[in-house]
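Here are my notes for someone opening this one for the first time.

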Amino acid sequence: MKEHKNILKDTHGRAHSYLRISLTERCNLRCSYCMPAEGVQLSPKGHLMSYEEIYEIAKTFVEHGVTKIRLTGGEPLVRKDISVILEKLASLSVELSITTNAVNVDRHIDTLKTNGIKTINVSLDSLNAEKFKHITRRDYFEKVYNNILLLNSEGFKVKVNVVLMKDFNDNEIIDFINLTKTLPLTIRFIEFMPFDGNKWDMAKMVSYKSIMETVYNAFPEDQVHRLQDAPNDTSKNYRIKGFQGSFAIISSVTNPFCDSCNRLRLTANGQLKNCLFSSTESDLLTSLRQGKSIEPIIQKAVLGKFKIRGSMNTLKKLQDPKLHSNNRSMISIGG
Ligand code: SAM
Ligand code: SF4
């Protein structure tokens with residue numbers, strides 16, 4: 001590790017050891033909170049990172065202290081060279097994980113296992129097939145649900161991401177938690193966040209506070225155990241007494257966890273984002289292709305990181321559509 005440079009430390013004392021790499025802007029679902037119905041402008045193919053470029057950039061980050069890499073997208077499992085990417089990255093000294101909608105998971109079980117993936121985050125926003133179809137604009141509920149069970153039976157630790165929206169799936173909070181009675185899943189309720197083209201409205205968001213009110217209405221208070229969160233965890237974790245799995249809340253809107261943020265994001269077209277909410281990006285791919293060092297660009301990007309949510313440090317700023325439409329749609333950032 002090149003400790004002498006310390007290029008991953010920002011001006012707020014945060015060391016960045018976690019890189020999320022988006023492998024593609026494409027997806028086999030069309031979740032309305034993630035992308036506009038008409039789709040997003042895709043980068044020309046030649047502007048996307050090849051597997052060799054992904055590896056080269058990731059290696060630089062690992063040399064400077066990154067210990068965890070998560071592959072995301074778009075849908076990472078739609079990339080045809082996903083096996084090669086996993087194999088290359090698994091050769092780095094890093095904890096490798098993936099976030100997927102699970103539509104294609106059954107085809108990749110062996111590759112995921114061989115390359116040391118232990119934890120998989122899967123998105124599933126409803127336990128009702130019709131509602132799933134409505135939110136994803138695709139009819140894959142059975143496939144996704146069965147693939148979650150498959151991952152579980154194959155020994156992966158599965159975290160299920162549920163973006164909650166008022167009057168859409170907030171009546172399923174307890175159904176999701178009840179899944180953890182017999183299945184060792186972690187259900188992670190995510191506050192709906194604003195990105196370009198997702199018609200965000202604060203009124204549609206289900207807050208941490210209201211999720212916990214629903215939980216306490218369904219379970220006696222002494223049965224709801226607050227668990228120890230992992231260091232740099234973005235979620236507040238809970239378990240219902242006697243249940244095998246747990247549930248958690250990711251409250252980026254009402255309760256941001258920026259103080260302990262250790263994340264950086266690399267988009268599929270090789271742009272470094274120092275924050276999910278940042279409207280600026282730093283082009284690593286062009287410099288890599290020109291044979292230049294990408295380290296000074298990384299360092300500058302890290303030093304430019306704002307203390308809270310890419311400078312949207314108040315709820316008022318977060319609600320300003322001008323500010324979040326300067327950002328990309330989630331599908332092309334990589335959540
Ligand atoms: N396709 C994969 C999937 O759906 O898991 C990976 C990419 S997706 C962009 C990563 C995560 O971002 C998903 O768990 C999704 O639910 C979350 N996400 C997307 N848009 C969001 C939004 N507006 N607010 C909160 N979470 C969002
Ligand atoms: Fe695709 Fe994931 Fe976005 Fe849904 S949340 S559209 S599955 S990238």
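1. In which loop is Asp 167 found? Asp 167 sits in the loop between S5 and helix H6 (173–179); helices (H or I, at least four residues) and strands (E, at least two) are DSSP runs, numbered from the N terminus. Its phi is positive, about 60 degrees, although Asp 167 is not a glycine. Asp 167 counts as exposed because its relative accessibility is 75% (buried means under 20% relative accessible area, exposed over 50%, partly exposed in between, with a 1.4 Å probe and protein chains only).

2. Some ground rules before going on. This is a predicted model, where local features need pLDDT of at least 70, side-chain atom pairs count only at pLDDT 80 or more, and totals for chains, interfaces and linings use all residues. Residues are numbered from 1 along each chain as its sequence is written, chains are lettered from A and ligands numbered from 1 in the order in which they are written, and side-chain values use heavy atoms, with hydrogens and water left out.

3. Now the sheet. Strands of a sheet pair through backbone hydrogen bonds, either parallel or antiparallel. Here there is an open sheet of twelve strands with mixed pairing, in the order S7-S8-S9-S6-S5-S4-S3-S2-S1-S10-S11-S12 (two strands pair if DSSP finds at least two bridges between them). Strand S7 (224–226) and strand S12 (282–283) are the edge strands, each pairing on one side only.

4. Take a look at the S7 end. S7 pairs with strand S8 (residues 235–240) in the antiparallel sense, over three bridges. Arg 226 has Tyr 238 in S8 as its bridge partner. The loop between S7 and S8 holds Asn 232, another non-glycine residue with a positive phi, near 65 degrees. Asn 232 is partly exposed, since its relative accessible area is 34%.

5. Which strands does helix H1 lie across? Helix H1 (residues 51–63) lies across strand S1 (18–22), strand S2 (68–72), strand S10 (263–266) and strand S11 (271–273), and runs at about 170 degrees to S1. Axes are lines fitted to C-alpha atoms, for helices over the stretch in contact (heavy atoms within 4.5 Å), and angles run from 0 to 180 degrees between N-to-C directions. Helix H5 (residues 141–153) lies across strand S4 (119–123) and strand S5 (157–164), at about 165 degrees to S4.

6. On to ligand 1. It is surrounded by 20 residues, the closest being Tyr 33, Gly 74, Ser 123, Asn 161 and Met 193 (a residue is near a molecule if one of its heavy atoms lies within 4 Å of it). An oxygen atom of ligand 1 is 2.6 Å from a side-chain N or O atom of Ser 123, and one is 3.0 Å from a side-chain N or O atom of Asn 161. Thr 100 comes in through a backbone N or O atom, 3.2 Å from an oxygen atom of ligand 1.

7. Ligand 2 has Cys 27, Leu 29, Cys 31, Tyr 33, Cys 34, Met 35, Gly 74, Asn 101 and Ile 331 around it.

8. Last, two buried residues. Ser 251, in the loop between strand S9 (246–250) and S10, counts as buried because its relative accessibility is 0%. Ile 298 lies in helix H9 (residues 295–303) and is buried, with a relative accessible area of 1%. Leaving aside neighbours within four places in sequence, Ile 298 is in contact with Ile 7, Leu 8, Thr 60, Phe 61, Leu 272 and Leu 284.

Terms used: A polar contact is a pair of N or O atoms within 3.5 Å; within protein, one must be able to donate a hydrogen and the other to accept it, and residues adjacent in sequence count only if both atoms are side-chain atoms.
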